[in-house]
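This briefing is for a reader who is new to the structure shown below.

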Amino acid sequence: MRQSLAIVGLGMIMAALQVPSGANAEPVDDALVIDDVEMVTRTKAPEGHPFDEVLSGWLFREGETRELEADSFQNPGMLYVEQGADVWNRVEGPDGKSCASCHNDAAESMKGVGAHYPKWDADAGRPINIELQIDKCRVENMGLEPYKFDAPEQKALTTYIKNQSLGEPVELDLSQGELQSWWDKGKELYYTRTGQLNFACASCHESNSGQYIRADHLSQGQANGFPTYRLKQADMVSLHNRFRGCIRDTRAETPKAFSDELMALEVYVTWRGTGLSVETPSVRQ
Ligand code: HEC
Ligand code: HEC
């Protein structure tokens with residue numbers, strides 16, 4: 001039974017990707033203004049990029065979804081920003097410290113920070129994202145355990161920190177440590193076909209961007225809005241959760257969150273969105 005369901009699903013995806021012409025729709029030509037700040041949702045791609053123009057996933061969503069993101073009072077993701085602020089200020093652990101004990105007001109200390117991650121972590125000898133930087137501070141500066149992947153507090157704090165960069169353009173410094181070699185590895189993974197469906201990230205987000213796959217208008221698969229509020233899940237979704245979901249859809253083995261594979265992909269995919277505004281918390285279907 002399970003197997004036949006899987007085959008039906010596979011057929012649906014294959015059929016959906018072989019849609020006749022006409023199902024290719026232009027992303028909307030609309031401006032995203034959040035709290036009076038205009039977001040960069042389309043910009044000239046950096047050198048060496050496969051596209052001429054980098055486009056935010058917001059441009060590919062339905063009107064109602066776009067409006068939810070544009071209105072901070074209605075955006076359900078803003079609740080997680082508030083929760084993140086509570087965790088930020090809460091004293092926890094043997095040292096009796098909160099994040100605020102060292103970093104004070106996040107609106108100042110974390111402004112712009114999230115737009116430049118992943119960064120090279122010389123201690124770990126690998127790139128780290130915001131989630132791993134939070135864990136680093138918990139372990140080294142607070143005497144706490146790292147969070148379990150996708151723990152509600154991990155998502156809330158990450159959303160809170162990223163939100164302090166709302167509107168800031170994404171830009172990575174690939175000259176840090178060995179970040180460039182992780183970019184190379186991420187690029188290779190992005191174009192590697194895997195799974196029973198034999199799809200690479202690029203099969204959907206590059207070759208078929210603009211097409212419909214079932215009811216989904218395929219975007220460029222950008223990372224600038226993460227963590228994102230997904231209406232379907234009625235919850236915040238982390239970037240590695242999204243990666244895992246996309247990989248699972250190709251019926252391939254899904255690497256673990258924060259594994260070398262997914263960190264390399266995060267470096268490369270984030271770079272593909274260079275110049276787009278951080279939109280966290282974005283709203284997606
Ligand atoms: C005892 C002090 C201390 C505590 C408590 C602490 N941190 Fe840190 N944090 C640091 C230091 C030191 C650095 C690294 C130096 C720097 O980047 O300024 C850092 C760096 C960071 C960075 C990276 C900043 C950047 O510019 O890249 C983030 C994000 C961060 N901490 C988040 C948190 C969060 C979230 C908490 C609470 C869970 C926390 N920190 C608790 C001391 C602390
Ligand atoms: C079978 C097609 C398919 C493949 C292959 C695929 N994705 Fe996706 N992906 C989707 C769909 C559908 C969505 C939701 C609509 C959209 O934003 O394109 C999505 C969304 C995303 C998003 C969120 C975009 C946003 O603006 O919120 C990211 C990031 C992403 N994918 C990354 C990847 C990566 C990395 C890979 C390769 C490991 C990959 N995807 C492979 C279909 C695919």
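Helix α11 is mostly covered, with 11 of its 13 residues buried. A residue counts as buried if 20 or more other C-beta atoms lie within 10 Å of its own, as exposed if 12 or fewer do, and as partly exposed in between, with C-beta atoms placed from the backbone. This is a predicted model, in which local features need pLDDT of at least 70 and side-chain atom pairs count only at pLDDT 80 or more, while totals for chains, interfaces and linings use all residues. Residues are numbered from 1 along each chain as its sequence is written, and chains are lettered from A and ligands numbered from 1 in the order in which they are written. Helices (H or I, at least four residues) and strands (E, at least two) are DSSP runs, numbered from the N terminus.

**Helix α11**

- The buried residues of α11 are Leu262, Met263, Ala264, Leu265, Glu266, Val267, Tyr268, Val269, Thr270, Trp271 and Arg272.
- These buried residues of α11 pack against β4 (53-55), β6 (126-128), α8 (179-191) and α10 (239-249); two residues are in contact if their C-beta atoms, placed from the backbone, lie within 7 Å.
- The 13 residues of α11 (residues 260-272) should span 18 Å at 1.5 Å a residue, and the end C-alpha atoms are 18 Å apart, which agrees. The expected span is 1.5 Å times one less than the number of residues in the helix.

**Nonpolar cores**

- A nonpolar core is a set of buried Ala, Val, Leu, Ile, Met, Phe, Trp, Tyr and Cys residues joined through C-beta atoms within 7 Å.
- The largest nonpolar core has 18 residues, of which Trp182, Phe243, Met263, Ala264, Leu265, Val267 and Tyr268 touch the most other members.
- At least two residues of this core come from each of α8, α10 and α11, and α11 gives the most, with 8 residues.
- Another core, of 16 residues, lies apart from this one and has Met110, Ile161, Tyr229 and Val283 among its members.
- Tyr268 is in contact with Trp183, Gly186, Lys187 and Tyr190, leaving aside its neighbours within four places in sequence.
- In soluble globular proteins, nonpolar side chains tend to be buried together.

**Two domains**

- The domain assignment gives domain 1 (2-71 + 168-284) and domain 2 (78-163); such bounds come from an automatic or database domain assignment.
- Between the C-alpha centres of domain 1 and domain 2 there are 24 Å.
- Domain 1 puts 24 residues into the contact, and domain 2 puts in 22 residues.
- On the side of domain 1 that touches domain 2, the elements that give two or more residues are α8 and α11, and the largest share, 4 residues, comes from α11.
- That side of domain 1 divides into 13 nonpolar, 6 polar and 5 charged residues. Here Ala, Val, Leu, Ile, Met, Phe, Trp, Tyr, Cys and Pro count as nonpolar, Asp, Glu, Lys and Arg as charged, and the others, Gly among them, as polar.

**Ligand 1 and helix α6**

- Ligand 1 is surrounded by 16 residues, the closest being Lys97, Cys99, Cys102, Cys137 and Asn141; a residue is near a molecule if its C-beta atom, placed from the backbone, lies within 6 Å of it.
- The elements giving two or more residues to this shell are α4 (99-103), α6 (130-142) and α7 (152-163), and α6 gives the most, with 7 residues.
- By class, the shell around ligand 1 has 9 nonpolar, 4 polar and 3 charged residues.
- Ile130, Glu131, Leu132, Ile134 and Arg138 are the buried residues of α6, and they pack against β6 and α7.
- After α6 comes Gly143, whose phi is positive, near 70°.

**Ligand 2 and Gly57**

- Around ligand 2 there are 26 residues, and the closest are Gly57, Cys201, Cys204, Gly221 and Cys246.
- At least two residues of this shell come from each of α9 (201-207), α10 and α11, with the largest share, 5 residues, from α10.
- By class, the shell around ligand 2 has 13 nonpolar, 9 polar and 4 charged residues.
- Gly57 is in the loop between β4 and α2 (63-70), and it counts as buried because it has 27 C-beta neighbours inside 10 Å.
- From Gly57 to Cys201 there are 144 residues in sequence and 15 Å in space, C-alpha to C-alpha.
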